[in-house]
Amino acid sequence: MSDKSYVPASGEQIQVKKSADGSHFVEGRGGQSTHKPALQLERIDHQTQRVLATFKNARRLFWVFESRGKRVLSWPGGSIELDSLDLTEGTGNSAGKLKPLKLTMPGKVVAVKVKQGDLVEASQPLIVVEAMKMENLLMAPARAKIAKVHVATGDRLESGTILITFEAAD
Amino acid sequence: MTPVYLHASGVTLPFKKVLIANRGEIAVRVIRAAKELGLKTVAVYSEADKNSPHALLADEAVHIGEAEAKKSYLAPEKIMAACKATGADALHPGFGFLSENAEFARTCAKNEITFIGPSPEAMDLMGDKLSARAAMKKAGVPIVPGSDGALKDLAEAKKVAKEIGFPIILKAAAGGGGKGMRVAQNDRELENFFETVQREALNFFNDGSVFLERYAQNPHHIEVQILADSHGNVCHLFERECSVQRRHQKVIEEAPAPFLIGHDEIREKLFQVAVQGAKRIGYVNAGTMEFVMDGERNFYFLEMNTRIQVEHPVTEMITGIDIVKEQILIAGGHKLSFTQQELKANGHAIECRLYAENPHTFLPSPGPVKELLLPGGPFVRVDAAMLPGQTIPLEYDPMIAKLCAWGRSRQESMNRMARALGETGVAGCLTNIEFLRRALAHQVFRGGNYTTGFIEAEKKALADPAALPPGIETEEEFRELIALLASSEAKVPLASEPAPWRTTHV
């Protein structure tokens, strides 16, 4: 089986690996070849949707479930709707140049609503990605022209995949 | 002569089987008190409550109809039929539903069923806001400045409004539950709303009488718990503050009132006035006098609730008195089991209402409660309305549980409550746990001087969707977790070994 990799906000490559006992962990933070897992999922119970995670020195219980059509992550003390999170990163308009739209979690492209050369306004829907069994509408970060669409409907994507690149609108 | 039964608890009462005409955590609460007194208990349940804890806990349970409250918990004839079928000779109405319906109390009496609550006359008197105002005024209880009796027409409304000053609130005399109420800031708004409120009053409450009161912007909500027996003894069980509200609904309650800490003279005056009000109307059983209090700690009578209240546990925690048990004993003709001098307010208690709701919009979000992790430990009380595996019915209040924490000081009770909330987990639906934790940690709440405007004013801080799970410090770490959860390979089926944590207790 192949290990998964994805790119968090810091830009470094992170490997999701499977260990001999079947658990999963993330390693390779900060580019160091440390084998100490930063995050490890020990058990997942499909029926109750329980997840036991070891995070650094803490052990945490989580539940992942769907509520009223939205994916929710909850834990003792709180919960969060996952689709209220921004699934993309690096889309800020810094130094006058628009960064490419990237995915920060694995997903599948459900629909692409724009094509190369299109002029888009801020918040205009660009692409629909299914992640965590939820559809997520990704929108234009600012007024821009589509330089290239790098993915197509039906593509299964890894975290860190570049979806769309932009160029200045004028 | 009415029969008297000696129960295994050592208590004698003129009834032996109590039917609880309610559901959820209050039905469970009443069943507990009745069982401790050695009484037999009967639950009634609707189609939606087949697996609800109250139906499973009572000695007998009677299915009384469809999920819609009008066809079950609000249908007097169905509840009377359940009494007949089981031979229940007493009835506790809980709160909401038929608890403040004087006609229902009369029906019980006609059928020789002891209604555990005040007399129908007291319910009538305090149920109508105008007669309640008049009665309290006569009893020397300060009332909110407003019209004496129903307003004849708009001209009179304008005249009274001018006298007491804007903003004013127009209210339906027979109203309640936030319906038939409008705030007017000026003459123009008063003109606009007058007929609307009249119409609402007629449509919702079958009585077009409308009156107006001065409207206090963001007051404190302070209430006094009363217990009175049929021998003329009236005691107060100190006060509660319920100023953490949204959409006129209480979310966090405390006893004693943090706003009155260090103001014992005002507290004593409040208690004296509340007891006097209850005495003058000959009130019997448990009741609550609600007051609004302004920033200068002037207080005015708002209304009297002629029933047990949701937030009664905080009073029980500071007094050590089982209010529901006292209600049953009072209904059985007993004297209060304590005197005013014997009552002491000991320490501090806080209650948080755990709801299945969207923590950002406050809209109900009922669904399945797949897992329910409830807190424990010393001086933490949980009154749960749900069992794990149950689905929260759409038809009723989406409450999951009431969580209470007692401490020797307010500080200790806040810290304990925060600790307890951190242990509380629900899988299957959205809850307000996070919201409660933030409210409790908010400096305005911790400071103890918060008004009914607190949630609205601090909405942004309290409903922040960007909170991270404990132990996860950065968004980057959080994304790692989510990515890991999302990767399909991570879904390793659990082997045969059992889960190492416990999930149930009610």
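Helices (H or I, at least four residues) and strands (E, at least two) are DSSP runs, numbered from the N terminus. With that in hand, let us work through some exercises on this predicted model, where local features need pLDDT of at least 70, side-chain atom pairs count only at pLDDT 80 or more, and totals for chains, interfaces and linings use all residues. Residues are numbered from 1 along each chain as its sequence is written, while chains are lettered from A and ligands numbered from 1 in the order in which they are written.

**Exercise 1. A glycine in a loop**

Task: locate Gly146(B), decide whether Gly146(B) is buried or exposed, and list what Gly146(B) touches.

Solution. 
- Step 1: Gly146(B) sits in the loop that links H6 and H7 of chain B.
- Step 2: count neighbours. A residue is buried if 20 or more other C-beta atoms lie within 10 Å of its own, exposed if 12 or fewer, and partly exposed in between, with C-beta atoms placed from the backbone. Gly146(B) has 23 other C-beta atoms within 10 Å, so Gly146(B) is buried.
- Step 3: find the contacts (C-beta atoms, placed from the backbone, within 7 Å). Leaving aside residues up to four places away in sequence, Gly146(B) touches Ile164(B), Phe211(B), Leu212(B), Glu213(B) and Arg214(B).
- Step 4: for a distance check, take Val30(B), which is 116 residues from Gly146(B) in sequence and 38 Å away in space, C-alpha to C-alpha.

**Exercise 2. The antiparallel sheet**

Task: give the strand order of the 3-stranded open sheet of chain B, then place the helices that pack on it.

Solution. 
- Step 1: the order is E9-E8-E10, with antiparallel pairing; two strands pair if DSSP finds at least two bridges between them.
- Step 2: E9 (179-184) and E10 (210-214) of chain B are the edge strands; each has a single partner strand, so one side of each lacks a neighbour in the sheet.
- Step 3: E8(B), residues 168-176, pairs with E9(B) over 5 bridges, and Ile169(B) stands opposite Val183(B) in E9(B). Another 5 bridges join E8(B) to E10(B), where Ala172(B) stands opposite Val210(B).
- Step 4: H7(B), residues 154-164, lies across E8 and E10 of chain B at about 15° to E10(B). H8(B), residues 187-205, touches E8, E9 and E10 of chain B, and its direction makes about 170° with that of E9(B).
- Step 5: check the cover on E10(B): 4 of its 5 residues are buried.

**Exercise 3. Two helix pairs**

Task: describe how H7(B) packs with H8(B) and how H1(B) packs with H11(B).

Solution. 
- Step 1: recall that two packed helices are described by the angle between their axes and the distance between the axes.
- Step 2: the axes of H7(B) and H8(B) come within 10 Å and cross at roughly 145°. Leu154(B), Ala157(B), Lys158(B) and Ala161(B) of H7(B) make the contact with Asp187(B), Leu190(B), Glu191(B) and Phe194(B) of H8(B).
- Step 3: H1 (24-36) and H11 (323-331) of chain B pack at about 60°, with axes 9 Å apart. These two helices are therefore oblique to each other (angles under 35 degrees count as roughly parallel, over 145 as roughly antiparallel, 65 to 115 as roughly perpendicular and the rest as oblique).
- Step 4: Arg29(B), Val30(B), Ala33(B), Ala34(B) and Glu36(B) in H1(B) meet Val324(B), Lys325(B) and Ile328(B) in H11(B).

Conventions. Axes are lines fitted to C-alpha atoms, for helices over the stretch in contact, and angles run from 0 to 180 degrees between N-to-C directions. Two residues are in contact if their C-beta atoms, placed from the backbone, lie within 7 Å.
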